Amino acid sequence: METNENLVEVLNDLIKINNDRIDGYEKAVEEVEDIDLDLRRIFQKMANESRQNIDELSAEIKALGGEVATGTTNSGKIYRVWMDIKATFTGHDRTSVLESCEYGEDAAQEAYDDALATDADLPVNIRQIIANQKAELLESHNLIKKYRDLHQAVN
């Protein structure tokens, strides 16, 4: 029973970081200029990606008999960068928004690294889900970084 509790906790930590990610990208959509349709589309796609991750993780938690977390991460447990992302923006500057999003993506990668390195017994199917989600999030991270680098090069 303890193994299931540990595993549920690991999966709930990932749900929380995905909740943080959704909040962060929703705030990022509000922060970019109306003409930044490319960023708005990307941010909405990434928020939806996290919603899908949550659905997948929630199904596993329920199958384990656990209760699905609904909140966001606590300070100190997993980086809580997304909740205060708006405070880091300097106006509607694309570079600042992208830098903040990249920082959040770094935190998500760290959360997934922690999950894969956990002492909890990860069944093969759950390890594969976590690894697949981490890979998708890394693609998102790289896209954000590419946009940031391109924008810096142009300016």
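Lysine 134 forms a salt bridge with aspartate 113, with 3.2 Å between the closest N and O atoms. A salt bridge here is a side-chain nitrogen of Lys or Arg within 4 Å of a carboxyl oxygen of Asp or Glu. The pair links distant parts of the chain: lysine 134 sits in helix α5 and aspartate 113 in helix α4, 21 residues apart. This is a predicted model, in which local features need pLDDT of at least 70, side-chain atom pairs count only at pLDDT 80 or more, and totals for chains, interfaces and linings use all residues. Residues are numbered from 1 along each chain as its sequence is written, and side-chain values use heavy atoms, with hydrogens and water left out.

**The lysine 134 and aspartate 113 pair**

- The C-alpha atoms of aspartate 113 and lysine 134 are separated by 8.0 Å.
- Lysine 134 counts as buried because its relative accessibility is 17%. Buried means under 20% relative accessible area, exposed means over 50%, and partly exposed lies in between (1.4 Å probe, protein chains only).
- Aspartate 113 has a relative accessible area of 38%, so this residue is partly exposed.
- Lysine 134 also lies 9.5 Å from leucine 116, C-alpha to C-alpha. These two residues are 18 apart in sequence.

**Other salt bridges**

- The structure holds 7 salt bridges.
- Glutamate 102 pairs with arginine 148 in a salt bridge, the closest N and O atoms being 2.2 Å apart. This pair also links distant parts of the chain, with glutamate 102 in helix α4 and arginine 148 in helix α5, 46 residues apart.
- Both glutamate 102 and arginine 148 are buried. For arginine 148, the relative accessibility is 14%.
- Arginine 148 also meets aspartate 149 in a salt bridge, at 2.4 Å from N to O. Aspartate 149 is partly exposed, at a relative accessible area of 30%.
- A network of salt bridges links Glu102, Lys145, Arg148 and Asp149.
- Side chains of opposite charge can pair when their charged atoms come close.

**Fold**

- The protein chain has 5 helices and 0 strands. Helices (H or I, at least four residues) and strands (E, at least two) are DSSP runs, numbered from the N terminus.
- Along the sequence, the pattern is α-α-α-α-α.
- The protein chain has 155 residues, and buried residues make up 47% of them.

**Helix packing**

- Helix α4 spans residues 94-116 and helix α5 spans residues 124-154. The two pack at an angle of about 160 degrees, with their axes 9 Å apart. Axes are lines fitted to C-alpha atoms, for helices over the stretch in contact, and angles run from 0 to 180 degrees between N-to-C directions.
- That angle makes α4 roughly antiparallel to α5. Angles under 35 degrees count as roughly parallel, over 145 as roughly antiparallel, 65 to 115 as roughly perpendicular and the rest as oblique.
- α4 and α5 cross in a left-handed sense. A crossing is left-handed if the near helix is turned anticlockwise from the far one by less than a right angle, and right-handed if clockwise.
- The contact of α4 with α5 has 12 nonpolar, 7 polar and 10 charged residues. Ala, Val, Leu, Ile, Met, Phe, Trp, Tyr, Cys and Pro count as nonpolar, Asp, Glu, Lys and Arg as charged, and the others, Gly among them, as polar.
- The axes of α2 and α4 come within 12 Å and cross at roughly 15 degrees. That makes α2 roughly parallel to α4.
- The crossing of α2 past α4 is left-handed.

**Nonpolar core**

- The largest nonpolar core has 21 residues. Such a core is a set of buried Ala, Val, Leu, Ile, Met, Phe, Trp, Tyr and Cys residues joined through side-chain atoms within 4.5 Å.
- Leu11, Leu14, Leu57, Tyr112, Ile126 and Ile130 touch the most other members of this core.
- α1 (2-31), α2 (37-63), α4 and α5 each supply at least two residues of this core. α1 gives the most, with 8 residues.
- In soluble globular proteins, nonpolar side chains tend to be buried together.

**The loop between α4 and α5**

- Proline 123 is found in the loop between α4 and α5. Proline 123 counts as partly exposed, at 31% relative accessibility.
- Proline 123 and leucine 7 are 116 residues apart in sequence. In space they are 9.3 Å apart, C-alpha to C-alpha.
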